[in-house]
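Please read this briefing alongside the sequence and the model, taking the sheet and its packed helices in turn.

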Amino acid sequence: MEKNGVLNYVHTKNGINGFSHEEIGDEHLSTGPETPMKPDAFLLSDEEKKDKIAALFAEIMDVMGLDLTDDSLRGTPQRVAKMYIDEIFSGLNPANKPKIALFDNKYRYNQMLVEKNISFYSNCEHHFVPIMGKAHVAYISSGKVIGLSKLNRVVQYFAKRPQVQERLTNQIGMELQQILGTEDVAVIIDAKHLCVSSRGIKDETSATVTVFYGGAFNSPEKIAELHNYINN
């Protein structure tokens with residue numbers, strides 16, 4: 001439901017805005033800019049989480065009929081648990097947020113800085129299958145700069161969690177605005193979703209592009225300049 005130009009979600013026990021929970025997943029809809037987390041998400045230690053995930057994943061494998069006594073499968077539940085907590089979903093834990101140091105812009109470089117083709121892997125929160133793509137990040141310094149590799153690390157931090165591409169784009173943009181103390185931030189993400197190519201519609205050639213334009217990047221001139229840098 002939209003009111004004064006703002007979209008308001010109407011939640012029911014069967015879905016949101018008339019969409020069933022099944023349709024929300026198949027249409028890749030996001031319910032908000034923040035990753036949905038429980039208040040007690042970090043009461044368990046990482047090791048405790050791994051133990052629980054391993055036990056539950058072993059049960060899933062058993063239900064599917066896999067022989068967990070086979071040497072090839074015996075350690076799979078533990079490997080999956082370690083992968084979830086330490087690797088592909090490590091961005092859920094704020095303790096893994098990259099430490100960012102700001103530096104004075106002593107070069108007095110006052111044009112846009114663009115870090116393009118940042119490769120990332122994420123996972124669709126609706127089906128837990130990969131999202132793979134590239135992020136392009138740009139900002140105009142307000143007097144402070146950060147190391148180039150930190151732009152990559154911010155992208156990776158937010159990518160390493162169950163995601164919706166629109167949310168991922170906004171989270172990166174808003175985080176960089178806060179870190180850099182400027183509205184002049186742009187983020188463009190071009191990604192392929194395996195939930196589109198490997199299931200459902202099974203379209204192997206399509207890709208999704210999402211953008212975040214803040215401050216000066218809302219002008220057609222700056223957008224054109226940014227795309228010129230990215231495409232050359």
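Buried means under 20% relative accessible area and exposed over 50%, with partly exposed in between, as computed with a 1.4 Å probe on protein chains only. Helices (H or I, at least four residues) and strands (E, at least two) are DSSP runs, numbered from the N terminus. This is a predicted model, in which local features need pLDDT of at least 70 and side-chain atom pairs count only at pLDDT 80 or more, while totals for chains, interfaces and linings use all residues. Residues are numbered from 1 along each chain as its sequence is written, and side-chain values use heavy atoms, with hydrogens and water left out.

**Confidence**

- The mean pLDDT (the predictor's confidence in each residue, from 0 to 100) is 89 for the protein, and 87% of its residues reach 70 or more.
- Over residues 1-7 the pLDDT stays under 50, and the model has eight contacts (heavy atoms within 4.5 Å) for this stretch beyond four places in sequence.
- Where pLDDT is low, the predicted coordinates should not be read in detail.

**The five-stranded sheet**

- Five strands form an open sheet in the order β10-β7-β8-β11-β12, with mixed pairing, where two strands pair if DSSP finds at least two bridges between them.
- The edges are taken by β10 (162-163) and β12 (208-213), each of which has a single partner strand, so one side of each is left without a neighbour in the sheet.
- Strands β7 (residues 112-124) and β8 (residues 130-140) pair in the antiparallel sense over 10 bridges, and Phe120 has Gly133 in β8 as its bridge partner.
- Five residues separate β7 from β8 in their hairpin, and Phe128 in the turn has a positive phi of about 55 degrees.
- Between β8 and β11 the pairing is also antiparallel, over nine bridges, with His136 standing opposite Ile188 in β11.
- Because eight of the 11 residues of β8 are buried, this strand is largely enclosed by the rest of the structure.

**Helix α7 against the sheet**

- Helix α7 (residues 220-231) lies across β7, β8, β11 (185-193) and β12, running at about 75 degrees to β7; axes are lines fitted to C-alpha atoms, for helices over the stretch in contact, and angles run from 0 to 180 degrees between N-to-C directions.
- Lys222, Leu226 and Ile230 are the buried residues of α7, and they fall within an arc of 75 degrees seen down the helix axis, so they line one face of the helix; the arc is that of the directions from the axis to the C-beta atoms.
- The cover over these buried residues includes β7, β8, β11 and β12, whereas the face of α7 turned away from its buried side carries the exposed residues Pro220, Glu221 and Asn231.
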